[in-house]
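Reader: I have just started learning how to look at protein models. Could you walk me through this one, feature by feature?

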Amino acid sequence: MSKYLFLFCVVVWHSNLWAGWVFLTNNSHGANDYYYAPVEDKGKIKVLRTFTQMPVDAKVPFHTPKAVVKVTLYNYSSEQSTYEINCQEQTIQLMERIFYRDMVGKVPFITHQAKDTFIQQSNSEFAKQFIKTPLHFDDIRHYRMHEAACR
């Protein structure tokens, strides 16, 4: 009897953990993408939060200005991103990425924001993600993010 009670509690807890998250796409390098509904409305700007579970560990840079090796790569299993989408101008900007060591987003260990000095002063491919760009509707992820934010 106690194992059934335990199983019931796990199912209830797991569903509450994911309450509000809606499947977005699995077309981002084989990863499962979700977005948080409802989308935050800031007038012409919509704030969309996404959560991505990676099929294999990926690497995220961490900047340590006083170290000999200034940038070190660390493994992560999932990440949460915050985007600002301008529906009228059809632009998107990544504002924040939180990286997690686990698949369900319980253990955050690195956060990067568009306003970070490391991001603003870098010309790396990683830093370029934080630049405001036009939405690319031929990309299924951009298309679905626009669809979710600009209803």
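Author: Let us start with disulfides. In general, a disulfide is a covalent bond between the sulfur atoms of two cysteines. Here a pair of cysteine sulfur atoms within 2.5 Å is taken as one, and by this rule the count comes to one disulfide. This is a predicted model, in which local features need pLDDT of at least 70 and side-chain atom pairs count only at pLDDT 80 or more, while totals for chains, interfaces and linings use all residues. Residues are numbered from 1 along each chain as its sequence is written, and side-chain values use heavy atoms, with hydrogens and water left out.

Reader: Which residues does the disulfide join?

Author: The disulfide links C87 with C150, with an S to S distance of 1.9 Å. The angle about the S-S bond is -85 degrees, and the link of C87 and C150 is left-handed. C87 sits in the loop between β5 (71-86) and β6 (91-100) and C150 in the segment after α4 (140-149), so the pair ties together parts that are 63 residues apart in sequence.

Reader: How do I read "buried", and what share of the residues is buried?

Author: Buried means under 20% relative accessible area, exposed over 50%, and partly exposed in between (1.4 Å probe, protein chains only). Of the 151 residues in the protein, 36% are buried. C150, at 21%, is partly exposed.

Reader: Which residues touch the most other members of the largest nonpolar core?

Author: A nonpolar core is a set of buried Ala, Val, Leu, Ile, Met, Phe, Trp, Tyr and Cys residues joined through side-chain atoms within 4.5 Å. The largest one has 24 residues, and I85 and M145 touch the most other members. β2 (31-36), β4 (45-63), β5, β6, α2 (117-121), α3 (125-128) and α4 each supply at least two residues of this core. With four residues, β4 gives the most.

Reader: Which residues is M145 in contact with?

Author: Contact means heavy atoms within 4.5 Å. Leaving aside neighbours within four places in sequence, M145 is in contact with L24, L48, T50, Y83, I85 and I92.

Reader: And which residues of α4 are buried?

Author: They are R141, H142, M145, H146, A148 and A149. Seen down the axis of α4, these buried residues fall within an arc of 165 degrees (taken from the directions from the helix axis to the C-beta atoms), so they line one face of the helix.

Reader: Now for strand β5: is S78 buried or exposed?

Author: S78, which lies in β5, has 0% relative accessibility and so counts as buried. The side chain of S78 reaches the backbone oxygen of D102 at 2.6 Å. Among the residues in contact with S78, beyond its neighbours within four places in sequence, are F51, M54, F99 and V104.

Reader: What about L73: buried or exposed?

Author: L73 also belongs to strand β5, but L73 is exposed, with a relative accessible area of 51%. Not counting residues up to four places away in sequence, L73 touches K59, V60 and P61. The C-alpha atoms of L73 and V60 are separated by 5.3 Å, and these two residues are 13 residues apart along the chain.

Definitions and conventions:
Polar contact = N/O pair within 3.5 Å; in protein donor to acceptor, adjacent residues only side chain to side chain.
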